[in-house]
Amino acid sequence: DMKAHTWVPIGLNASDGPKTLQGTFNGNGHTISNIYCSYLGDTYDGGTGRGLGMFGTTDGATIHDVFLHGVELDVLNQTGNDAYVIGAIANEAKGNTTIYNCIADATMESTMANTTMGGLVGKLTNGTIHSSAAMPDMTGYTMGGLVGNNSGNIDNSFDHAKFHSSGSGYVGGLVAVNTGTVENCYAREQSDSSHGGRFGWL
């Protein structure tokens, strides 16, 4: 239980250069509870490189068999036009990263229009997610139940998401912005957005 601590994502994309996760994380079926990190009022409390999640940026990593419970990720009251990426497992997974047998329930909120959120991963680039699930409660702009921006592969996964749209942006039950492949997945969603659907944008 991480309730008494501020979480610093593993694998930083920091100002002094990337320190991405490139190895293997085996959760062995354990639960990690109450991860919290945020950007609040132009300062960050656990946030790294404008990204929030258990992991920062992964590059060719393997992450499997972990349940994240009670994750809270917030981007609130920022100035400027920086882009933020939020995902419970990782803010960005690239370089053939593989994520499987992972489950996350999370609360995510952003007041910044250029924030992309995913229930598992904020941005999936040339990676794979399979046999995984997410139960996010999201408030923001561009939001996907599993992945915010997908150019990888998602298979045999599902989500049960709640979306609270703050305005312009893409909202998708599975993926908000998709140029990748999604197969054998389903979404059950509750949304106060007029966007909705399995994909916010194709």
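Here is a short walk through this structure, one selection at a time.

Before you click, note that this is a predicted model, where local features need pLDDT of at least 70, side-chain atom pairs count only at pLDDT 80 or more, and totals for chains, interfaces and linings use all residues. Residues are numbered from 1 along each chain as its sequence is written, and side-chain values use heavy atoms, with hydrogens and water left out.

**Stop one: the core**

Select L68 and I89. Of the 45 residues in the largest nonpolar core, these two touch the most other members. (A nonpolar core is a set of buried Ala, Val, Leu, Ile, Met, Phe, Trp, Tyr and Cys residues joined through side-chain atoms within 4.5 Å; buried means under 20% relative accessible area, exposed over 50%, and partly exposed in between, with a 1.4 Å probe and protein chains only.) Now colour strand β8, residues 62-76: with six residues, β8 gives the most to this core. (Strands are DSSP runs of E, at least two residues long, numbered from the N terminus.)

Stay on I89 and show its contacts, meaning heavy atoms within 4.5 Å. Leaving aside residues up to four places away in sequence, I89 touches G53, M54, F55, I63, V66, L68, I99, C102 and L120.

**Stop two: strand β12**

Next, pick residues 115-118, which make up strand β12. Is each face covered or open? Both are covered: T115 and M117 on one side, T116 and G118 on the other, are all buried.

(Two strands pair if DSSP finds at least two bridges between them.) Look for G87 opposite G118. Then bring in strand β15, residues 142-144, also parallel to β12, with three bridges. Here G118 stands opposite G144.

**Stop three: the aromatic pairs**

There are two aromatic pairs to find. (Rings of Phe, Tyr and Trp, the last by its six-membered ring, pair if their centres lie within 6.5 Å; planes under 30 degrees apart count as stacked, over 60 as edge-to-face and the rest as tilted.)

Select F25 and F55: the ring centres are 5.4 Å apart and the planes at 70°, so this pair is edge-to-face. F25 sits in strand β3 (residues 24-33) and F55 in strand β7 (residues 55-59), 30 residues apart. F25 is partly exposed at 23% relative accessible area, while F55 is buried at 1%.

Finally, jump to F158 and Y186. With centres 5.2 Å apart and planes at 5°, their rings are stacked. F158 belongs to strand β17 (residues 158-165) and Y186 to strand β21 (residues 186-191). F158 is partly exposed at 31%, and Y186 is partly exposed at 49%.

Notes
Helix = DSSP H or I, 4+ residues; strand = E, 2+ residues; numbered from the N terminus.
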